[in-house]
Amino acid sequence: TCTLAIHGGRAKCPSGSLPAAEIERHVVDQVQRISTDVELRAEVLRQAQAHVDAELTSRTQEQRDLRRELKRFHSDVNRLAGSGQSPDVKAEKSADLLAKIAQCENQLADCRQAVELLEAERISAADIEAVFADFPALWDSLAPREQRELLHNLVARVEFNAAAESIAISFHAVGI
């Protein structure tokens with residue numbers, strides 16, 4: 001529907017509504033035009049790499065913290081073994097420390113797996129080129145539901161102004 005009609009009533013719009021299929025075709029054409037923008041591809045790569053780098057930094061710090069905690073737990077177990085506490089108290093504290101060690105080791109394993117996945121997700125300029133090089137074929141290979149999801153993730157707003165005979169498309173910054 002014309003934005004003038006939305007804001008000022010139907011009488012304000014010099015034309016009626018446009019068919020949804022026509023608007024969708026225009027939106028898809030604009031997305032395909034974006035796929036040919038070299039600067040945009042470079043920005044997509046920069047943002048994707050920055051995202052992975054930030055996650056890797058966070059996970060690396062988490063691994064350091066877990067290793068430090070694990071070292072402290074092992075040290076506590078060794079101290080406990082040499083202490084003069086009763087066997088019952090040692091057994092109880094030892095069981096608690098061993099449970100904490102097991103939990104910490106599981107978290108460390110999960111963290112290592114997350115780092116491996118992040119490394120596998122790292123994209124290169126060649127990956128970006130490959131995705132954007134044949135966007136029309138990619139689009140055509142998607143099922144209608146997948147096309148809708150892709151447009152939903154990319155497009156924030158589509159505005160039609162009949163008086164100016166224009167369509168303005170706003171994209172989600174992170175969607176691109």
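**A walk through the model**

Proline 19 is partly exposed, its relative accessible area being 46%. The model in which this value was computed is a predicted one. Proline 19 belongs to the loop that joins α1 (3-8) to α2. From proline 19 to glutamine 47 the separation along the sequence is 28 residues, and their C-alpha atoms lie 35 Å apart in space.

In soluble globular proteins, nonpolar side chains tend to be buried together. The largest nonpolar core of this model has ten residues: Ile23, Val27, Val28, Val31, Phe135, Trp139, Leu151, Leu154, Val155 and Ile169. Three helices, α2 (20-34), α6 (135-141) and α7 (144-154), each contribute at least two residues to this core. The greatest contribution is that of α2, which gives four residues.

Individual contacts show how parts of the chain meet. When residues up to four places away in sequence are not counted, valine 28 touches Trp139 and Leu151. Trp139 is also a partner of glutamine 147: with neighbours within four places in sequence left aside, glutamine 147 is in contact with Trp139, Asp140 and Leu142. Glutamine 147 is found in helix α7. Is glutamine 147 buried or exposed? Its relative accessibility is 17%, so glutamine 147 counts as buried, the limit for this class being under 20%.

Strand β1 (residues 155-161) contains phenylalanine 160. With a relative accessibility of 10%, phenylalanine 160 is likewise counted as buried. Phenylalanine 160 and isoleucine 23 are 137 residues apart along the chain, yet 8.7 Å separates their C-alpha atoms. Isoleucine 23 is itself one of the residues of the largest nonpolar core. Another pairing involves alanine 133, which is placed in helix α5. Alanine 133 stands 27 residues from phenylalanine 160 in sequence, and the distance between the two C-alpha atoms is 29 Å. The relative accessible area of alanine 133 is 59%, and this residue is therefore exposed, since the class begins over 50%.

The account now turns to the packing of helices. Two packed helices are described by the angle between their axes and the distance between the axes. For α3 and helix α4 (residues 87-121), the angle is about 160° and the axes are 9 Å apart. The two helices, α3 and α4, are therefore roughly antiparallel to each other, because an angle over 145 degrees falls in that class. Their crossing is left-handed. Sorted by class, the residues in the contact of α3 with α4 comprise 16 nonpolar, four polar and twelve charged.

Glutamine 63 is a residue of helix α3. Which residues does glutamine 63 touch, not counting those up to four places away in sequence? They are Leu108, Cys111, Arg112 and Val115. Glutamine 63 has a relative accessible area of 10% and is thus buried.

Helix α3 (residues 38-82) also packs with helix α5 (residues 125-133), at an angle of about 130° and with 10 Å between the axes. That angle makes α3 oblique to α5. The crossing of α3 and α5 is right-handed. On the α3 side, Arg41, Val44 and Leu45 take part, and they meet Ala125, Ile128, Glu129 and Phe132 of α5. The residues of this contact divide into five nonpolar and two charged, with no polar residue among them.

Methods:
Residues are numbered from 1 along each chain as its sequence is written. This is a predicted model: local features need pLDDT of at least 70, side-chain atom pairs count only at pLDDT 80 or more; totals for chains, interfaces and linings use all residues. Side-chain values use heavy atoms; hydrogens and water are left out. Axes are lines fitted to C-alpha atoms, for helices over the stretch in contact, and angles run from 0 to 180 degrees between N-to-C directions. Angles under 35 degrees count as roughly parallel, over 145 as roughly antiparallel, 65 to 115 as roughly perpendicular and the rest as oblique. A crossing is left-handed if the near helix is turned anticlockwise from the far one by less than a right angle, and right-handed if clockwise. Contact means heavy atoms within 4.5 Å. Ala, Val, Leu, Ile, Met, Phe, Trp, Tyr, Cys and Pro count as nonpolar, Asp, Glu, Lys and Arg as charged, and the others, Gly among them, as polar. A nonpolar core is a set of buried Ala, Val, Leu, Ile, Met, Phe, Trp, Tyr and Cys residues joined through side-chain atoms within 4.5 Å. Buried means under 20% relative accessible area, exposed over 50%, partly exposed in between (1.4 Å probe, protein chains only).
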